[in-house]
Amino acid sequence: SNMPTDTIDKAIKRASGNIDGEQLNEIIYEGYGPGGTAILVQCLTSNKNRTAAEIRSTFSKYGGNLGETGSVSFGFKRLGSITIDTNLAKEEELFEFIVENGSEDFEVNQEEYRVYCDQNELHNLNEKIVKKFGQTNSSELIWKSENNINVEKEAAEKLFKLLNILEENDDVQVVSSNFEVSDEILSSLTM
């Protein structure tokens with residue numbers, strides 16, 4: 001995907017913890033974005049001060065502000081998330097199966113089902129789904145918002161810029177937010 005080999009090598013070394021004796025620390029930054037949205041930024045860094053300054057600067061440049069620890073995390077729950085193509089199972093059959101096997105929530109869109117479970121059950125539930133229905137698309141730990149905020153077009157534009165810049169940061173692993181945007185606004189912003 002036109003990514004330089006040096007960047008790929010550095011990412012592999014960083015992930016394996018082999019960057020010249022550097023110690024990597026996982027840090028979660030919490031803040032607010034445009035429209036009052038809550039944002040969690042999960043980072044893996046060898047330099048906490050640099051990363052904190054970059055995250056704080058990004059928040060302030062794009063209409064947000066960094067909060068204190070615990071300021072937004074109370075509105076999120078750590079869950080396992082499994083996605084599976086809709087053509088692999090009937091909705092009712094999958095729903096019955098995951099209820100019997102410890103899921104916590106279930107969502108459906110045109111292309112795939114999304115199953116949420118306790119983070120400690122992610123691997124087991126994914127294996128059971130694969131065995132019964134076929135290969136899943138993804139299986140990962142996420143921060144799921146418990147209360148979403150509807151965002152209007154102007155705030156959504158600023159919010160998407162903020163989220164994109166945060167995701168481009170090399171130290172950022174995952175960005176989670178509690179925004180909801182109508183299909184009309186989303187299609188107008190992606191054209």
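Biologist: Which strands form the open sheet, and in what order?

Modeller: In this predicted model, 4 strands form an open sheet in the order E5-E6-E4-E7, with antiparallel pairing. The edge strands are E5 (103–108) and E7 (138–145). Neighbouring strands of the sheet are turned by 30 degrees against each other on average, direction ignored.

Biologist: What makes E5 and E7 edge strands?

Modeller: Each of them pairs on one side only.

Biologist: How do you know that E4 and E7 pair?

Modeller: Two strands pair if at least two bridges are found between them. Strand E4 (residues 76–85) is joined to E7 by 8 bridges, so the two strands count as paired. They run antiparallel, and Ser81 stands opposite Glu140 in E7.

Biologist: Why is H2 called roughly antiparallel to H5?

Modeller: The axes of helix H2 (residues 48–61) and helix H5 (residues 153–168) cross at roughly 165 degrees. Angles over 145 degrees count as roughly antiparallel, and therefore H2 is described as roughly antiparallel to H5. The two axes come within 9 Å, and the crossing is right-handed.

Biologist: Which residues make the contact between H2 and H5?

Modeller: From H2 the contributors are Ile55, Thr58 and Phe59, and from H5 they are Leu162, Ile165 and Leu166.

Biologist: Why is Thr37 called buried?

Modeller: A residue is buried when its relative accessible area is under 20%. Thr37 has 0% relative accessibility, so Thr37 counts as buried. Thr37 is placed in the loop between strand E1 (25–32) and strand E2 (38–45).

Biologist: Which residues does Thr37 touch?

Modeller: Leaving aside residues up to four places away in sequence, Thr37 touches Gly31, Tyr32, Ile149, Val151, Leu159, Ser177, Asn178 and Phe179. A contact here means heavy atoms within 4.5 Å.

Biologist: How many disulfides are counted?

Modeller: The count comes to 0 disulfides. A pair of cysteine sulfur atoms has to lie within 2.5 Å to be counted.

Biologist: Are Cys43 and Cys117 buried or exposed, and what makes them so?

Modeller: Cys43 has 0% relative accessibility and therefore counts as buried. The relative accessible area of Cys117 is 0%, so Cys117 is buried. Both values are set against the limit of under 20%.

Biologist: What can be said of the chain as a whole?

Modeller: The chain has 6 helices and 10 strands. Of its 191 residues, 36% count as buried. The C-alpha trace spans about 50 × 45 × 35 Å along its principal axes.

Biologist: What share of the contacts comes from residues 24 or more positions apart?

Modeller: Such residues account for 69% of the contacts in the chain with a separation of 6 or more.

Notes: Residues numbered from 1 in each chain as written. Predicted model: local features only at pLDDT ≥ 70, side-chain atom pairs only at ≥ 80, totals over all residues. Heavy atoms only, no water. Axes fitted to C-alpha atoms, helices over the stretch in contact; angles between N-to-C directions. Buried < 20%, exposed > 50% of the residue type's maximum accessible area, 1.4 Å probe, protein only. Parallel < 35°, antiparallel > 145°, perpendicular 65-115°, else oblique. Left-handed = near helix turned anticlockwise from the far one by under 90°.
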